[in-house]
Amino acid sequence: MTAAGHAEPTGGGAAGGGDLAVVRVLAARATRDARTRTLSFAALFALYAYVQPAGFRHAYPTLADRVSFAHSFAGNDALRLFYGYPYEVTSIAGYTAWRVGGTLAIAAAAFGVLAAVRAFRGEEESGRTELVLAGRATRGGVFASALLALASSVVALWAAQLAGFAAGGLPLAGSAYLALSVASVAVVYAAVGTLASQLAPTRRLALELGSGAVALGLLLRVIADTASGAGWLRWVTPLGWAEQARPFTGARPAVLLVPAMTAAALFGAAFVLAARRDIGTGLLAERESSPPRLRMLGSPFMYALRSQKSSLVAWAGSIGAFALVFGTVSASIGSAALSGGVRRELAKLSSASITTPTGYLAFVFLFFALALGLFACAQVNAARHEEGEQRLETLLALPLTRLRWLGSRVLLTVLAIAAIALLAGLLAWAGAAAEGVSVSLPTMLGAAANCLPTALLFLALALLAYALVPRVSVGVGYGIVAVAFLWQLVGSLVGAPRWLLDATPFAHMALIPVQSFRAGAAVAMLAIALGAAAAAALAFRRRDLIGD
Amino acid sequence: MAPGGPAPILAVMAVHEVIETDAAVGARRSQRPRAAISTRGLSKRYGRTIAVDGLDLNVSAGEVYGYLGPNGAGKTTTIRLLLGLHRPTAGTAAVFGSDCWREPAAAHRDVAYVAGEPSLWPALTGAETLELLARVRGGTDAAYRNILVERFRLDPDKKIRALSKGNRQKVQLIAALASRAPLLILDEPTAGLDPLMEIAFRDSIQEAREREQTVFLSSHILSEVEALCDRVGILREGRLIDEGTLAELRHLAAHTVEVTFTGPAPEMPAMHGVKTERTGPNALRFEVTGEIADLIAELGGQPIESLTSREPSLEEIFLHHYDSSASP
């Protein structure tokens with residue numbers, strides 16, 4: 001681009017400047033490679049950050065409204081699950097800090113892991129790191145360039161939130177600090193993902209380790225925010241640190257030193273490992289040879305089950321653990337004295353009372369439907385990955401039709417969704433029953449089954465995206481689920497018209513056990529799912545296979 | 001071109017059927033259409049790029065067919081169309097009479113494929129991969145598979161992710177060869193194999209030929225095609241620009257005659273179809289296309305010390321096509 005840049009190839013003398021130039025080029029490349037994901041998350045963050053203050057101002061215009069809201073919500077354990085602990089919710093800023101700090105921090109954690117694993121293990125697995133290191137780049141330079149790319153994406157998330165808060169009318173300095181506390185979660189989990197990339201020899205295992213860390217951090221925060229006497233647990237999870245920073249509610253900036261130091265230590269450890277190990281390997285060496293295990297190779301279905309086994313166990317384990325915790329916690333939900341206005345707002349939020357143990361459990365299953373929808377997307381992506389890596393080409397050159405292959409993957413996903421949902425129902429019941437909540441097992445299994453139409457609808461939409469636009473289907477699938485869920489959370493607060501609110505499948509889920517099963521809605525969702533799946537099958541049969 | 005096709009194919013098959021000893025195999029073979037691969041006006045366009053343009057391919061059963069072309073000529077696209085992985089923009093392709101796009105599963109019962117890029121399942125071992133591919137296919141010749149594992153010196157307990165490209169290629173080759181499928185479609189199968197394994201590969205293709213399997217070998221390793229193939233098609237920018245047996249191709253290409261004289265080389269008159277080049281004070285080289293009689297007559301009275309004559313190599317034919325077709 002510049003004249004100096006052109007002169008570079010012959011000028012071997014400028015070693016230091018040359019290294020920096022290499023780092024800059026690599027960082028720019030990595031940033032470009034990741035930009036679709038970064039921009040999608042940034043758009044989501046900006047929108048969510050804007051909607052919270054704007055929605056609160058709209059829903060609770062007077063101080064009296066806000067005080068009565070605070071009285072009911074501050075003591076409501078149900079809402080603390082995913083929004084975190086409310087320190088002060090009578091002001092717009094305090095309310096926003098509560099809602100954003102809790103929810104966006106989870107998305108920030110996921111982003112950190114995804115971005116870091118892509119920048120480190122993903123690059124290495126593709127063989128690009130090897131190629132780059134064969135040139136002028138040093139290991140330190142490659143590591144630094146990936147860090148720079150990560151840093152720029154975290155800054156983008158921070159700026160996106162800041163823009164959202166500012167547009168929502170919050171003070172600038174406090175907004176910057178709130179955005180920083182959320183971004184700190186992304187930084188810590190990026191460090192976790194970086195370390196996982198050194199440990200795991202494959203991208204998939206690195207992602208599994210990183211997601212495990214996110215799930216553990218979330219579980220700890222949920223326990224800290226809901227169980228009495230467990231508040232100290234907030235100090236052992238990065239999601240808790242963001243809460244402890246108390247943006248807008250008595251800010252404690254010094255708390256942010258904890259994530260900063262933790263991230264520095266993790267990045268440092270990762271760098272030490274990265275500098276010493278063989279490129280292309282991880283510390284958790286997988287055995288290169290093993291005696292053949294010939295079970296579960298007999299059909300595409302059995303092979304899909306074999307290859308997805310660890311993933312299925314991880315999803316079932318995480319959702320099951322949350323179900324058990326939620327079930328146990330449900331016993332401590334009590335009904336506070338609520339004003340009529342607050343009841344209406346609560347009703348808007350979740351269409352039923354969530355201030356009783358059963359109402360709380362019903363509310364929780366909304367989240368399980370979300371988790372199952374994300375699981376469906378993950379399974380469709382695993383199938384897509386098979387095609388992208390051109391392994392599907394090898395399979396379809398055998399006497400195996402496309403529909404049989406896709407059908408076997410879909411069948412596995414449907415069975416897994418049903419099994420995980422029932423497991424969640426069973427464990428939620430077990431947790432609740434152990435604490436003396438009077439709710440029957442069939443009722444809870446019914447609540448679990450009620451998640452199925454929604455999850456299957458998302459599965460069918462992800463399939464349709466995969467069949468029609470395979471190159472971008474990963475983002476489209478997750479995007480549909482995420483937007484549908486966020487719309488359910490914020491749509492009613494911003495006073496969207498009924499027909500627009502109804503655009504999300506979550507709006508049509510009956511909250512079992514406090515509401516009765518809505519057969520019509522369930523049948524409609526299943527019918528749409530069937531139609532979408534049939535369209536997906538037709539489209540998939542007719543298109544060219546792709547390779548990444 | 002189409003009317004000329006069937007007659008020689010029938011003749012070839014008649015010979016095969018006389019030789020055929022195994023009655024059961026013979027019966028099965030004779031039920032299958034004589035053309036292993038036939039395409040009519042097969043074309044594929046990706047956006048504005050025309051990858052394959054009006055291809056008419058006919059490969060008879062039992063034939064080893066070399067599919068030549070430089071990178072990007074459309075070899076892999078042709079194979080993807082033959083496997084029904086991509087949909088033709090125009091024209092049709094059939095394998096043993098089954099349409100490649102409309103009835104892929106039927107077509108694939110008789111096909112085994114080796115992809116140019118050995119993408120297999122990283123977490124499986126070689127043995128597990130062979131088992132998976134055999135089970136999904138619905139059977140394989142296990143005894144022959146063991147022979148091939150020995151021949152290609154594959155460590156079947158190694159995981160795919162720990163194997164080099166050449167070793168992953170072996171896994172694919174073993175799976176395809178052991179299937180004993182009547183048609184082997186091989187996309188640059190020896191890229192990444194060492195010279196010893198290249199010999200093992202050639203031996204295996206000879207065995208396949210003896211079993212009357214059809215082989216469609218896409219390659220740009222000319223010595224391999226020259227050693228193995230009965231017939232060769234040359235592809236350039238998606239079109240088949242030449243096709244025939246090696247003898248036929250040679251007939252059209254230049255024949256080289258090198259002559260050393262006892263004294264200074266004489267001036268030769270201009271002759272039709274003969275290109276003359278001075279290679280030393282006493283030596284001349286002639287590139288002869290067509291009849292050689294004129295040259296022999298001219299050389300008749302000359303004091304010749306030595307004379308060598310050789311047929312063009314496939315490489316010369318190949319380069320001739322690319323050089324001459326590039327200009328007009």
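Predicted model: local features only at pLDDT ≥ 70, side-chain atom pairs only at ≥ 80, totals over all residues.

Modeller: Leaving aside residues up to four places away in sequence, A:Leu463 touches A:Val380, A:Val410, A:Ala532, A:Ala533 and A:Ala536. A:Leu463 also belongs to the largest nonpolar core, which has 243 residues. Within that core, A:Leu463 is among the residues that touch the most other members, a group that also includes A:Leu372, A:Phe365 and, from the other chain, B:Phe216.

Now for the helices around our spot. Helix α15 of chain A (residues 357–388) packs with helix α19 of chain A (residues 452–468) at an angle of about 30°, their axes 8 Å apart. Because angles under 35 degrees count as roughly parallel, α15(A) is roughly parallel to α19(A). The crossing of α15(A) past α19(A) is right-handed. On the α19(A) side, the residues that meet α15(A) include A:Leu463, A:Phe458 and A:Tyr466; on the α15(A) side, A:Leu372, A:Val380 and A:Arg384 are among those taking part. Sorted by class, this helix contact has 11 nonpolar, 2 polar and 1 charged residues. As general background, nonpolar side chains tend to be buried together in soluble globular proteins.

Terms used. Residues numbered from 1 in each chain as written. Chains lettered and ligands numbered in written order. Axes fitted to C-alpha atoms, helices over the stretch in contact; angles between N-to-C directions. Helix = DSSP H or I, 4+ residues; strand = E, 2+ residues; numbered from the N terminus. Parallel < 35°, antiparallel > 145°, perpendicular 65-115°, else oblique. Left-handed = near helix turned anticlockwise from the far one by under 90°. Contact = placed C-beta atoms within 7 Å. Nonpolar A, V, L, I, M, F, W, Y, C, P; charged D, E, K, R; others polar. Core = buried A, V, L, I, M, F, W, Y, C linked by C-beta atoms within 7 Å. Buried ≥ 20, exposed ≤ 12 C-beta atoms within 10 Å, placed from the backbone.
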